[in-house]
Amino acid sequence: MKNIFDLQVSNELIQRIEKLTPETKPLWGKMAVDQMLAHCIIAYEMAFTDKHPKPNALLRFLLKTFVKSGVVNEKPYPKNARTAPVFIIADRRNFEKEKDQLIAYIKKTQELGASYFEGKESPSFGPMTAQEWNNLFFKHLDHHLTQFGV
């Protein structure tokens, strides 16, 4: 798995994002490109903001027990996999605004580095290692950028 904390890897992801246009169509799935960008931002909002509510204790236990390993391991996500309700973007968004925000989060993540994320708490999964955060961020972005052919 590539290391999102590495400047070269972050720049590669940004270059892929820069290839998207408001007209870019997915190779699979239902999201429009602006919705995909907003969808990808949510993982970063969960790491950097309190915008999204923390799951209750029971749901958090279930997420840690049954979902976390599939999210943070190195196995790619399958096409058309289900997503958590908080990640569903039903409305259309401003493409440029979402693109700029996602790029800003990628840069912030890289600049803060792995040490910032070591032991950092995920609202859904509890404390995670920097490697788990890396896998979550990189795998999710790579999956959706591939979905949109970049």
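Asp 142 counts as partly exposed, at 27% relative accessibility (buried means under 20% relative accessible area, exposed over 50%, and partly exposed in between, with a 1.4 Å probe and protein chains only). The model is a predicted one, in which local features need pLDDT of at least 70 and side-chain atom pairs count only at pLDDT 80 or more, while totals for chains, interfaces and linings use all residues. Residues are numbered from 1 along each chain as its sequence is written, and side-chain values use heavy atoms, with hydrogens and water left out.

The partner of Asp 142 is Arg 16, and the closest N and O atoms of this salt bridge are 2.8 Å apart (a salt bridge is a side-chain nitrogen of Lys or Arg within 4 Å of a carboxyl oxygen of Asp or Glu). This pair links distant parts of the chain, with Arg 16 in helix H1 (residues 7–18) and Asp 142 in helix H5 (residues 130–147), 126 residues apart. Helices (H or I, at least four residues) and strands (E, at least two) are DSSP runs, numbered from the N terminus. Arg 16 itself is buried, with a relative accessible area of 17%.

Helix H3 brings two further pairs into view. Arg 60 and Glu 121 meet through their side chains in a salt bridge of 2.2 Å, N to O. Because Arg 60 lies in helix H3 and Glu 121 in strand S1 (residues 121–122), the pair ties together parts that are 61 residues apart in sequence. Arg 60 is buried at 14% relative accessibility, whereas Glu 121 is partly exposed at 37%. Lys 68 forms a salt bridge with Glu 132, with 3.7 Å between the closest N and O atoms. Here Lys 68 lies in helix H3 and Glu 132 in helix H5, so parts 64 residues apart in sequence are tied together. Lys 68 also counts as buried, at 14% relative accessibility.

Salt bridges that share partners also join Glu 18, Glu 96 and Lys 99 into one network. A search of the whole structure finds ten salt bridges.

Helix H3 (residues 57–72) also holds Leu 58, which is exposed, with a relative accessible area of 59%. Leu 58 belongs to a nonpolar surface patch with Leu 59, Phe 61, Leu 62, Phe 66 and Val 67, and together these residues have about 600 Å² of accessible area. Patches are made of residues with over 30% relative accessible area and no salt bridge, where like charges are joined within 9 Å and nonpolar side chains (Val, Leu, Ile, Met, Phe, Trp, Tyr) within 5 Å. Accessible areas come from the Shrake-Rupley method with a 1.4 Å probe, and for residues only the protein chains shown count as cover.
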